[in-house]
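Please look over the sequence and structure before reading the points.

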Amino acid sequence: MNQIDNLNKIKKYLSRYQQLVKINTSNNEYDINIHSENTLIPILNVAFNANFVNANISKKNAEAIDLIDVKKRIGIQVTSTVKIAKVKSTLEKFVKSNFRNEIDTVYIYMLTDKQKKYSQQSIDRSKGNLNFTVKKNIIDAADIYGMLKSNNDIPKSKFVADILEENFSDSIIHKGFTFDQFDGFKKSYREKCLTNFSRLNFFGLFINNKPREVELYSLFVPPVFEAHTFDDLLNISNTIKKFDFVKEINLIDLHQKSVKLESIQYISAFEKFTSFSHKNFFGNNIKFDELYDGSENLVVLGDPGAGKSSMIKYSICKILEEDETIFSSPNIYNQLPLRIELHKYNSAKATRIITLSRYMENLLAEEYQTYISSGNLEYLFKFFPIMVFFDGLDEIFDVHERLQVRNDIENFLKSYPNIKGIVTSRFESYQEVSMNSKQFRTVVVKDFDETQVMEYVNKWYSLQEENADIRKDEIAHCLEQLKGVDSELKHNPLLLSLILILYRSDREIPTSKLKIYEGCTYTIVDSRDTKEKKLTAPIQPRNKISIFSALAFWQFNQKGTDQNLTFSKVESFVKQYLIKNEEYDSEFQAKQAAQDFLSFAKTRSIYLENKFTHKTFLEYFASYFIYSNIFNKINKQDVFKELLDENIGLSSWAVVLELLICKIDEQMIDAEIIDNIIENQIDQNGTDALLFFLQIIKYLQNVSKQKQRLLFEKAIIGCFKSVKLRESKINSKEALFSQLLSLYILPRHQSLIDDSFTKLLDSKKINQQELAIFAYEFCILSNSTSLIKIFEKSSIEINSPYLFILQHYPFLQDEDTYIRSLISFKEKFGDEMVGRIYTSKFNQNLFFGSDKFNWSVTFLFRSKVSIIANKAKLLKAGISYDVLNTSAEKKSAVITLNQIEIDQIISANKDPQLLTFINTLLKTYGVSRKAQTISMDPNRIDFMLELVE
């Protein structure tokens with residue numbers, strides 16, 4: 001504990017030392033610099049385990065070196081000037097001085113904070129042959145503190161702490177304002193910040209059952225960021241769309257440059273994309289603990305609900321607590337972090353003339369009950385390390401006011417260059433008012449990845465469930481259900497919170513997308529702004545949901561012409577809608593209201609550039625319009641049916657229609673309406689309708705069991721014939737089979753699918769062997785034996801090679817039983833059947849990741865064991881080279897050919913039969929010995945660059 005106290009004192013007083021140097025030198029008072037050399041000597045002696053003396057004693061007005069240890073041949077220059085010019089000047093003087101013969105190592109000690117970066121290349125031109133690196137040889141108080149801390153010598157730490165305390169215990173900062181008074185101010189501010197910021201609330205979420213508040217620390221998952229220039233950011237989506245990557249490139253062609261025109265065009269496109277995106281899009285991640293490194297001001301951009309404000313609150317609390325486990329740079333803990341909610345500042349600015357400095361003085365007094373005079377606060381701004389978080393530039397709705405606040409921020413930071421500013425905003429609201437790129441660097445909050453989602457879920461449950469066993473089970477179940485939730489929803493922290501609250505309430509993630517979309521949409525569009533952020537949108541039309549719904553449905557009916565939409569067309573539509581609904585009589589008023597509405601929609605990142613920012617918004621609002629304005633109108637039932645007839649099977653309408661049917665189902669008290677819709681649509685749209693309702697049946701509550709059995713029966717029948725789907729190019733058999741599989745894991749559907757299979761088996765509408773194969777493939781993939789048992793009760797005998805393979809599939813997992821099954825198959829069906837390729841009847845990847853199976857090739861490549869060893873086992877089992885070659889002539893597995901092993905086999909073996917077999921494999925799988933085909937991964941851009949240079 002004594003050592004901790006010593007280190008805390010050292011850190012505290014070294015920080016004071018730095019501030020005093022700043023204050024004095026800014027007032028042209030340099031006595032402290034001279035005094036510093038003698039004050040520092042005993043401290044640096046401890047840190048370096050040296051015996052420094054003042055170089056000016058032996059050499060009056062010694063240049064380049066202030067402190068010297070002749071025995072250790074170390075010299076230190078002490079300076080309050082941190083610019084690189086001072087470093088270069090010192091080194092240039094040193095290499096020309098007599099000290100060069102006495103000193104091998106030079107350090108430059110910055111009395112204030114050193115710059116984050118110095119150009120090593122520039123310094124190398126000044127240092128001659130001296131071994132001097134910016135990382136090691138330019139030091140400041142943080143480095144000295146680190147050296148003393150790593151020494152872990154309690155007596156020496158106490159010695160240093162006592163020296164510093166004696167010199168800097170209660171120095172005056174400004175007109176009687178002392179460091180002790182500043183410490184008292186900071187302590188009071190810290191306590192109030194921890195009270196204000198250490199909890200998260202969910203008041204803005206549009207749900208009934210929810211926790212009011214949770215502890216921020218317990219739930220916070222560190223975000224990851226990407227570095228961008230804003231111009232890059234604006235163009236990024238367009239850039240990505242320009243290039244459609246091919247999947248494979250032949251290396252030998254690239255190296256020889258003997259490529260076709262298409263390949264040259266592809267490489268050119270790839271290089272253009274890479275030059276843009278390698279730094280700014282792929283892989284240039286910034287971890288949270290590194291976010292505030294560097295001296296530049298910062299803009300943090302992110303989607304609604306990305307966690308920008310939570311990140312700020314967490315950062316402020318951890319800086320004030322001096323939790324050194326959070327941030328990589330120790331210097332950050334010397335900072336005084338302040339937060340300004342910009343919409344509140346803008347309101348204050350509108351009611352009275354006020355500067356940012358005066359606003360912060362009032363803010364500290366009113367919200368933190370922490371008082372400091374304007375003169376003292378200004379002195380802190382000038383000389384102390386302060387971070388100001390300017391939170392929510394996007395929350396200023398009027399663009400002219402937003403521009404003025406932007407200017408206020410830039411001017412404030414120019415006036416106080418020691419202050420580091422961090423501005424947060426949503427993307428769209430930032431476009432028109434972007435900060436000066438010379439003053440700010442820009443980062444973007446990335447969506448959660450699956451690892452962060454998992455961490456967030458675990459943290460959530462650690463707060464919500466005390467029982468460890470229940471918590472473990474619910475987490476596992478929740479994560480499994482989250483796999484079926486769209487990434488756009490679950491990868492957003494706010495929306496993930498909403499999903500988890502809904503799940504916690506019902507012990508199940510909502511049975512349809514409807515509740516998630518509904519909750520998410522109302523949260524972002526309305527309730528979070530009004531309830532949590534207390535924002536009042538300055539727009540005339542109050543029924544925003546109604547307008548958004550009409551706009552969404554209108555755009556869905558543009559039939560692909562939405563790319564030709566202009567602002568004037570959108571504005572005209574909204575204006576006419578307002579007039580039609582009698583909100584306004586005057587064209588002028590309606591037009592002004594439409595402009596206000598679209599400005600609001602843009603500012604809140606809901607609708608801009610003539611489209612909805614989230615597909616979620618577009619789909620939900622379109623479905624809401626159809627439900628409210630078409631389905632619920634008795635005189636529009638024909639329009640409703642026509643809309644379904646025309647759009648079921650179209651991917652662009654899939655989610656809209658799913659939300660619509662779920663909304664209808666939610667309002668029903670019996671199955672009549674949904675049953676009729678299902679029956680009519682299957683009659684009208686056949687397999688397209690079958691697939692649609694199979695996808696959403698698990699979400700519906702008001703469908704009769706009779707209609708469900710009919711649906712499953714028709715789906716099983718559909719698995720035996722390929723049908724051209726309306727839009728999709730997927731195989732209809734595979735799609736139906738996969739949908740039945742996904743439903744079979746739900747207990748309420750298992751018995752109904754079993755009933756439908758039994759009915760078909762008894763009716764003999766389908767070939768019995770085909771039904772048997774269906775049962776076995778289905779059971780292998782569903783890990784259930786139910787359909788097999790139903791089939792076996794029929795006592796139907798079938799002698800089929802493929803069915804034999806399916807029946808023995810469990811034994812193929814083990815090498816020994818695989819060989820025994822192969823021998824049995826060979827005895828029963830002969831060599832010719834052993835050499836054949838067997839394919840899943842329903843295009844399923846049944847066989848070790850492949851939809852194809854061959855006894856020989858599958859065995860050779862089913863594990864990472866040498867193919868030579870596996871080949872020997874096949875020969876021992878009675879498989880001839882003729883059968884092996886026959887097997888190798890057709891692709892029958894997903895395999896990976898090890899080029900090195902292939903080369904070793906060819907060079908080490910003289911067996912012509914083996915070489916024939918290997919060459920057959922190489923020919924079949926398209927691999928030459930001199931050129932190997934590789935799969936391109938966009939994340940391996942660095943590899944591609946090396947390739948084309």
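The model is predicted, and the protein has an average pLDDT of 80. A pLDDT of at least 70 is reached by 81% of the residues.

**Confidence along the chain**
- Strand β15, residues 386-391, has the highest confidence in the protein, at a mean of 95.
- Confidence is lowest in helix α45, residues 941-948, where the mean is 28.
- The pLDDT is below 50 over residues 230-283. Beyond near neighbours in sequence, this stretch has 77 contacts in the model.
- Residues 927-949 also have a pLDDT below 50. That stretch has 49 contacts in the model, again beyond near neighbours in sequence.

**Packing of helices α16 and α18**
- Helix α16 spans residues 356-368 and helix α18 spans residues 399-415. The two pack with their axes 10 Å apart, at an angle of about 90°.
- Angles of 65 to 115 degrees count as roughly perpendicular, so α16 and α18 are roughly perpendicular to each other.
- On the α16 side, the contact is made by Leu356, Ser357 and Met360. Asp408, Ile409 and Phe412 make the contact from α18.
- By class, this contact has four nonpolar residues, one polar and one charged.

- Thr112 sits in the loop that runs between β4 (105-110) and α5 (120-124).
- Thr112 counts as buried because its relative accessibility is 8%, and the cut-off for buried is under 20%.
- Apart from neighbours within four places in sequence, Thr112 is in contact with Gln18, Val21, Lys22, Ser80, Val82 and Asp140.

Definitions and conventions. Residues are numbered from 1 along each chain as its sequence is written. This is a predicted model: local features need pLDDT of at least 70, side-chain atom pairs count only at pLDDT 80 or more; totals for chains, interfaces and linings use all residues. Side-chain values use heavy atoms; hydrogens and water are left out. Axes are lines fitted to C-alpha atoms, for helices over the stretch in contact, and angles run from 0 to 180 degrees between N-to-C directions. Helices (H or I, at least four residues) and strands (E, at least two) are DSSP runs, numbered from the N terminus. Angles under 35 degrees count as roughly parallel, over 145 as roughly antiparallel, 65 to 115 as roughly perpendicular and the rest as oblique. Contact means heavy atoms within 4.5 Å. Ala, Val, Leu, Ile, Met, Phe, Trp, Tyr, Cys and Pro count as nonpolar, Asp, Glu, Lys and Arg as charged, and the others, Gly among them, as polar. pLDDT is the predictor's confidence in each residue, from 0 to 100. Buried means under 20% relative accessible area, exposed over 50%, partly exposed in between (1.4 Å probe, protein chains only).
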